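Here are a few notes to go with the model you asked me to look over.

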Amino acid sequence: MSEVVETDWARVLVDHGRNLLLETEQGQRLRAQGRRITPPPVTGDRVHFEDLGGGQARILAVLPRGPIFRRLEGRLNSRVAAANVDQLLIVFAPLPEPEPELLDRYLVAAHVLGLRPVLLMNKADLPAAQCAQAENVLAEYTALGYPCLRISGRTNVGLDALRDHMAGMASLLVGQSGVGKSALTNALVPGALSRVGELSEALGTGRHTTTTTRWHPLPGGGALLDAPGVRDFKLWPLSPHELLQGFPEFSGLAPCRFANCLHQYEPDCAVRAAREDGRIPARRHDHYLRLLAQMQQTPAWRRDN
Ligand SMILES: Nc1nc2c(ncn2[C@@H]2O[C@H](COP(=O)(O)OP(=O)(O)OP(=O)(O)O)[C@@H](O)[C@H]2O)c(=O)[nH]1
Ligand SMILES: [Mg+2]
Ligand SMILES: [Zn+2]
């Protein structure tokens, strides 16, 4: 008879490829290998495990997942980057220069994956003259109805409001490299920095930069996940229906002549009419059209339709 208590589960705090660091419900840290487990466990997963002693564990199974975050790998495939995420904290800053199209794509992903999006303009401590462009970006998304906060991980501006948004939720920080996600994590999670060092040491990599997504449990419940920054975030193949979920301002207008209108060249299109008279930002419609054209070129798009 095995002594395994299969009702025990542990959280994957970080996955370095196949090397995982787990935290049990009692707060014990264990190392494990993710080999031969399907699906491969990722940061945020809950796993059944067997304690092998000496700080080692064997993973028996991955528990059913809640919402996930994924990213494109190669041209058509996507990879799960984190599991059991509730909320996407999409970070931008005056520096590096904000890229609204990157923010648009994160928003599409959030809608399609069922994650609540919140936009964070970080580094609000910088002089107003440097913040003008970021303020415009903030105003555009605020007008679209998204929750948007002006914060600073350095001076703690806006962090109480952000904590209210994070309470009890698993929130994943995403955004360009250098917008301040890790500094923000350290400002929000007591001891996160030392814990990051500890994780790297435990896994023997000696790395201290953000190269993998890490799960930081929050004292009052929930978690903050610090993800590696990106130069670009590409969407995996989506159907037009999915893509349109990322542009909620296109619905709620008068109906287009055709119920399945894709707001490209169709006659009597309410979205193009709204764009013409400025009710919809031309930048957003242009970006939608480009994403739609990309999706229409992929085999998956044809299959979905
Ligand atoms: N002025 C100001 N600078 C900040 C703030 N937060 C971070 N920085 C600076 O921005 C730079 C990048 O910060 P990180 O926290 O490493 O950025 P990151 O988003 O984690 O970057 P990646 O891990 O590469 O994705 C550092 O030089 C920080 O000192 C802030 O609130 N205000
Ligand atoms: Mg970082
Ligand atoms: Zn239309």
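1. A residue counts as buried if 20 or more other C-beta atoms, placed from the backbone, lie within 10 Å of its own, as exposed if 12 or fewer do, and as partly exposed in between. Asparagine 156 is partly exposed, because 13 other C-beta atoms lie within 10 Å. Its phi is positive, about 70 degrees, although asparagine 156 is not a glycine.

2. Some housekeeping: this is a predicted model, where local features need pLDDT of at least 70, side-chain atom pairs count only at pLDDT 80 or more, and totals for chains, interfaces and linings use all residues. Residues are numbered from 1 along each chain as its sequence is written, with chains lettered from A and ligands numbered from 1 in the order in which they are written.

3. Histidine 263 also has a positive phi, about 60 degrees, without being a glycine. With 23 other C-beta atoms within 10 Å, histidine 263 is buried.

4. Do look at the two cis peptide bonds. One joins threonine 38 and proline 39, with omega about -5 degrees; another joins leucine 95 and proline 96, with omega about -10 degrees.

5. Around ligand 1 there are 17 residues, the closest being Ser177, Gly180, Ser182, Thr210 and Gly229. Here, near means that the C-beta atom, placed from the backbone, lies within 6 Å. By class, this shell has four nonpolar, nine polar and four charged residues, where Ala, Val, Leu, Ile, Met, Phe, Trp, Tyr, Cys and Pro are nonpolar, Asp, Glu, Lys and Arg charged, and the others, Gly among them, polar.
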